[in-house]
Amino acid sequence: MALDESEIGGLRRQLGELSDRSEITDLITRLGVWLDGHCLEDPGELFAADVVAETPGGRQEGFDVVVDGARRAHADYARLQHFVSNVLVDLDGDQASARAHLVAVFISEGAQADTRVLVGHYRFGIVRTTVGWRISRLAILPSWSSPVSEAALIPSPGA
C-alpha cells in the first residue's frame with residue numbers, strides 16, 4: 001500500500017518529534033553525568049549562552065556564572081550520583097519545557113564527612129540552537145533533603 005504525500009508528511013512530523021524528545025531526554029541525562037563527573041567535561045554541550053539556573057544555592061544567570069556555580073557546589077564531594085527519572089517533555093517548535101524527578105546523593109570523605117541526599121524535581125526550559133538542543137532554564141525544586149549518618153566509600157568501578 002502506497003502512502004500519499006499527506007501521510008508521508010505526518011510520518012515525518014512524528015519522526016521529528018520523536019527525535020527531538022530523545023535528544024532532549026539525552027540532554028537531561030548528560031546534565032546528571034556532567035554533575036557526577038565534577039563538571040569537568042564540556043558544558044557547551046549542555047547550556048545555552050543565556051542560561052538561568054535556580055538551585056538551592058541561589059539564582060545564577062549566564063553560561064559562565066551557571067557553570068562556575070555548579071562546579072563550586074559539587075567540588076567538595078568525593079562522590080556524586082544524580083538519579084533523574086520520569087522525564088516529561090513538552091515541545092513547542094524550537095522551544096521545549098521538561099520536568100523530571102531528581103534524587104541526588106552527595107558523599108564527602110574525611111574527618112568532617114558530609115553526606116546527604118536531596119530529593120526533588122527539575123524544571124527545564126530548552127531551546128533548539130544551531131548546534132542542537134540546549135538548556136536555557138533550570139530549576140531545582142527540593143522536596144526534602146537529609147544528612148546521612150554513615151556512608152561507606154568503596155573503590156570506584158571506573159564508571
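## Surface and overall composition

The accessible surface of the chain comes to about 9,900 Å², and 52% of that surface belongs to carbon and sulfur atoms. This is a predicted model, and every value in this report is to be read as computed from that model. Of the 159 residues in the chain, 33% are buried, while the C-alpha trace spans about 70 × 35 × 30 Å along its principal axes.

Two helices and six strands make up the elements of the chain, and from the N terminus on they follow the order α-β-β-α-β-β-β-β. Among the contacts that join residues at least 6 apart in sequence, 54% link residues that are at least 24 apart.

## The sheet

The six strands form an open sheet with mixed pairing, in the order E2-E1-E6-E5-E4-E3. Strand E2 (58-61) and strand E3 (79-92) each have a single partner strand and stand at the edges, so one side of each is left without a neighbour in the sheet. Averaged over the sheet, and with direction ignored, neighbouring strands are turned by 15° against each other.

Two of the pairings can be described in detail. Strand E4 (residues 95-107) runs antiparallel to strand E5 (residues 115-129), and 13 bridges join them; within this part of the sheet, Val105 stands opposite Val117 in E5. Strands E1 and E2 also run antiparallel and are joined by four bridges, with Ala53 opposite Gln60 in E2, and the hairpin that connects E1 to E2 passes through two residues.

## The helices against the sheet

Helix H1 (residues 5-36) packs on the sheet and touches strand E1 (47-55), E3, E4, E5 and strand E6 (132-147). The direction of H1 makes about 160° with that of E3. Helix H2 (residues 63-74) lies across E1, E2, E3 and E4, and runs at about 45° to E1.

Glu23 has its place in helix H1 and, at 37% relative accessibility, counts as partly exposed. The C-alpha atoms of Glu23 and Val148 are separated by 35 Å, the two residues being 125 residues apart along the chain.

What are the phi values of His38 and Cys39? Most residues other than glycine have a negative phi. In His38, however, phi is positive and near 60°, and Cys39, likewise not a glycine, has a positive phi of about 60°. His38 lies in the loop between H1 and E1, and Cys39 lies in the loop between H1 and E1 as well.

Are these residues buried or partly exposed? His38 has a relative accessibility of 24% and therefore counts as partly exposed, the cut-off for a buried residue being under 20% relative accessible area. Cys39, by contrast, has a relative accessible area of 0% and is buried.

His74 lies in helix H2 and, because its relative accessibility is 9%, counts as buried. Leaving aside neighbours within four places in sequence, His74 is in contact with Leu35, His38, Leu80, His82 and Phe106.

Gly120 lies in strand E5 and is buried, with a relative accessible area of 5%. Not counting residues up to four places away in sequence, Gly120 touches Ala100, His101, Leu102, Leu141, Pro142 and Ser143. The C-alpha atoms of Gly120 and Val103, which are 17 residues apart along the chain, are separated by 6.5 Å. Strand E5, where Gly120 lies, is the strand that 13 bridges join to E4, and in the order of the sheet E5 stands between E6 and E4.

Definitions and conventions. Residues numbered from 1 in each chain as written. Predicted model: local features only at pLDDT ≥ 70, side-chain atom pairs only at ≥ 80, totals over all residues. Heavy atoms only, no water. Pairing = 2+ DSSP bridges. Axes fitted to C-alpha atoms, helices over the stretch in contact; angles between N-to-C directions. Contact = heavy atoms within 4.5 Å. Buried < 20%, exposed > 50% of the residue type's maximum accessible area, 1.4 Å probe, protein only. Areas by Shrake-Rupley, 256 points an atom, 1.4 Å probe, with all protein chains shown as cover.
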